[in-house]
Amino acid sequence: MLNLDLLTKMMGYMPALLEGALNTVLLTIISVCFGAVLGLFLALGRLSKNKMVDKVCWTYIWLFRGTPLLMQLFFIYYALPLIHKSLTLPGQWIPALLALSLNSAAYLAEIIRAAIQSIDKGQMEAAKALGMSYGQAMKRIIVPQSYRRLIPPVGNELIALLKDSSLVSIIGMTELMKVTTQVSARESNAIIYIPAMVLYLIMTTVFTYVFEKFEKKYSVYE
């Protein structure tokens, strides 16, 4: 059975755990937003008829999907300053945000590309028949129709990134995993990992619920 004094002490750390969880959520959402914007451009680049643009975007996606996120994080935080001092990024938030955003963009680019390509080709032909350019057709017709198909995989990517965000504790960023390990080391007891896991489960459950609601809402338009 759990020692009552220990349980009381662990509950006293809940504010710190909740603050860490909030940082985890903020880091995840901001990273996915930045990643989605960059991912859209990468996806359009992959669909471009310009072979050079296609190759550049393919190389980016290949690089960030083919190397571990932890290695990318280490490179941005530790290696960039060694290459040149001007490449040093302040604090832990910016390196963590940059690493997660760049990594997320590679995965979201493929998700977006697949969603766009799933739209019937007749839609593009109809848009061109109305006198629209390729860019106008993508902006007004094709991309908006792909939104509903993007919701499930984007939700999965967000949840995966939320769990992967625990890696940023390696560079000292104060998020849920960092707070948990600090408390565990201070108390010489791993019981603190139980409420931390519960918080992760709550966060992933909430995001899953929200994306399921979005999916049902937009499914009526198909």
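Visitor: What should I know before I start?
Guide: The model is predicted: local features need pLDDT of at least 70, side-chain atom pairs count only at pLDDT 80 or more, and totals for chains, interfaces and linings use all residues. Residues are numbered from 1 along each chain as its sequence is written, and side-chain values use heavy atoms, with hydrogens and water left out.

Visitor: How many helices and strands does the protein have?
Guide: Helices (H or I, at least four residues) and strands (E, at least two) are DSSP runs, numbered from the N terminus. Here there are 10 helices and 0 strands. The pattern along the sequence is α-α-α-α-α-α-α-α-α-α. Along the principal axes, the C-alpha atoms fill a box of roughly 75 × 50 × 25 Å.

Visitor: How are two packed helices described?
Guide: By the angle between their axes and the distance between the axes. Axes are lines fitted to C-alpha atoms, for helices over the stretch in contact; angles run from 0 to 180 degrees between N-to-C directions. Take helix 2 (residues 14-47) and helix 5 (residues 93-117): the angle is about 45 degrees, and the axes are 5 Å apart.

Visitor: Which word describes how helix 2 and helix 5 lie to each other?
Guide: They are oblique. Angles under 35 degrees count as roughly parallel, over 145 as roughly antiparallel, 65 to 115 as roughly perpendicular, and the rest as oblique.

Visitor: Is the crossing of helix 2 and helix 3 left-handed or right-handed?
Guide: Left-handed. The near helix is then turned anticlockwise from the far one by less than a right angle; clockwise makes a crossing right-handed. Helix 2 packs on helix 3 (residues 51-66) at about 130 degrees, with axes 7 Å apart. That makes this pair oblique as well. Helix 2 passes helix 5 in a right-handed crossing.

Visitor: How much of the protein is buried?
Guide: Buried means under 20% relative accessible area, exposed over 50%, partly exposed in between (1.4 Å probe, protein chains only). Of the 222 residues, 38% count as buried. Thr59, in helix 3, has 37% relative accessibility, so Thr59 is partly exposed. Its C-alpha atom is 26 Å from that of Leu27, 32 residues apart along the chain.

Visitor: Where is Ile194?
Guide: Ile194 is in helix 10 (residues 193-219). Its relative accessible area is 44%, so Ile194 is partly exposed.
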